[in-house]
Amino acid sequence: MKKLKLGTSDLSVSAIALGCVSMGKLDTADAEKVVRNALDLGIDFFDHADIYSDGKSEEVFAKAIGMNPSIREKIIVQSKAGIRKGFYDFSKEHIVKTVEASLKRLNTDYMDSLLLHRPDALVEPEEVAEAFDHLYNSGKVRHFGVSNHNPLQIELLKKHVDQDLIVNQLQLSVMHTGMIDAGVQVNTRHDNSLNRDGSVLDYCRLNDITVQAWSPFRYGSFEGFFVDNEDMPEINAKLQEIADSYGATKSAIAIAWILRHPAKIQAIVGTMTPERLTAIAKAADIYMTREEWYEIYQAAGNLLP
């Protein structure tokens, strides 16, 4: 499995991570098959959040992997905090309480990485700094980052927190390319020239923040999946064409497209089917050409100026 460095940290992690959003729906035996298969593939990074199945995903994962000191030192565990029912909450009290509850469910003494899940409009960065200091100094969290944040929101946090923010988890897929489009359409009047996220991809590259791509098989926000979608024949035909040339699946090519970007993006894959994850993992060994990358980009409906 291809490895990449996570932000400014000393963590070397698998380029493909297992997103555990749906693990809470599995029984322990099936979850163990998923986790063991991931480890066999060289996937050592597991992405959680306190809200995934109301915490059950973390519980099931801990049981499935048989969390103990020898296992713990071989894996990277990340979780997220800040989303509550009907609102967001970056208060010190909530962040600390959430982490402590997640650690208990995960049956571990520490998280390798904690992300602030979605921007809190009422964020008080001084409180975030206090929460981070407490969690870092107590050994409960080793690294910190954000999710779905734009550059100025990150800068506001950086003004107050002492720890590096090493990750920004953002939605990115072949069919959801907003963070790329504006950079391609510079100085045009095309709709895709609108910069909706403050050039977040370039910002993260400039500041050594690793982008983690969530929902790499979805189009739009939460509309659905594009792979094998009958309403999206052009992108599926192109993915199949390139997949055939590499002896891979369309899903693997969709991930390889993300990994081909020089920003060294980590892809978060949420499948709970071992066979599908095995096929997708082949993406880490595929380095598509520039021409193939742009062919896929245009087949997704993006025009070049």
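Reader: What percentage of the 305 residues of the chain count as buried?

Author: This is a predicted model, in which local features need pLDDT of at least 70 and side-chain atom pairs count only at pLDDT 80 or more, while totals for chains, interfaces and linings use all residues. Residues are numbered from 1 along each chain as its sequence is written, and side-chain values use heavy atoms, with hydrogens and water left out. With buried taken as under 20% relative accessible area, exposed as over 50% and partly exposed as in between (1.4 Å probe, protein chains only), the share of the 305 residues that count as buried is 54%.

Reader: How many helices and strands are there in the chain, and what is its radius of gyration?

Author: Helices (H or I, at least four residues) and strands (E, at least two) are DSSP runs numbered from the N terminus, and the chain has 12 helices and 14 strands. The globule rule, 2.2 Å times the number of residues to the power 0.38, is compared with a radius taken over C-alpha atoms. For 305 residues that rule gives 19 Å, and the chain comes close to it, so it is as compact as a globular protein of that length, with a radius of gyration of 19 Å.

Reader: Which elements do the buried residues of α2 pack against?

Author: Helix α2 covers residues 56-65 and is mostly covered, since seven of its 10 residues are buried, among them Val 60, Phe 61 and Ile 65. Contact here means heavy atoms within 4.5 Å. The buried residues of α2 pack against α1 (28-40), β4 (45-47), α3 (69-72), β5 (76-81) and α4 (92-106).

Reader: Why is strand β10 described as largely enclosed by the rest of the structure, and which residue of β10 stands opposite Val 146?

Author: Strand β10 spans residues 165-171, and seven of its seven residues are buried, so the strand is largely enclosed by the rest of the structure. Two strands pair if DSSP finds at least two bridges between them, and three bridges join β9 (residues 144-147) to β10, the two running parallel. In β10, the residue opposite Val 146 is Asn 168.

Reader: Where does Glu 124 lie, and how many Å apart in space are Glu 124 and Ala 254?

Author: Glu 124 is found in the loop between β8 (113-116) and α5 (125-137), where it is partly exposed, with a relative accessible area of 46%. Glu 124 and Ala 254 are 130 residues apart in sequence, and their separation in space, C-alpha to C-alpha, is 38 Å.
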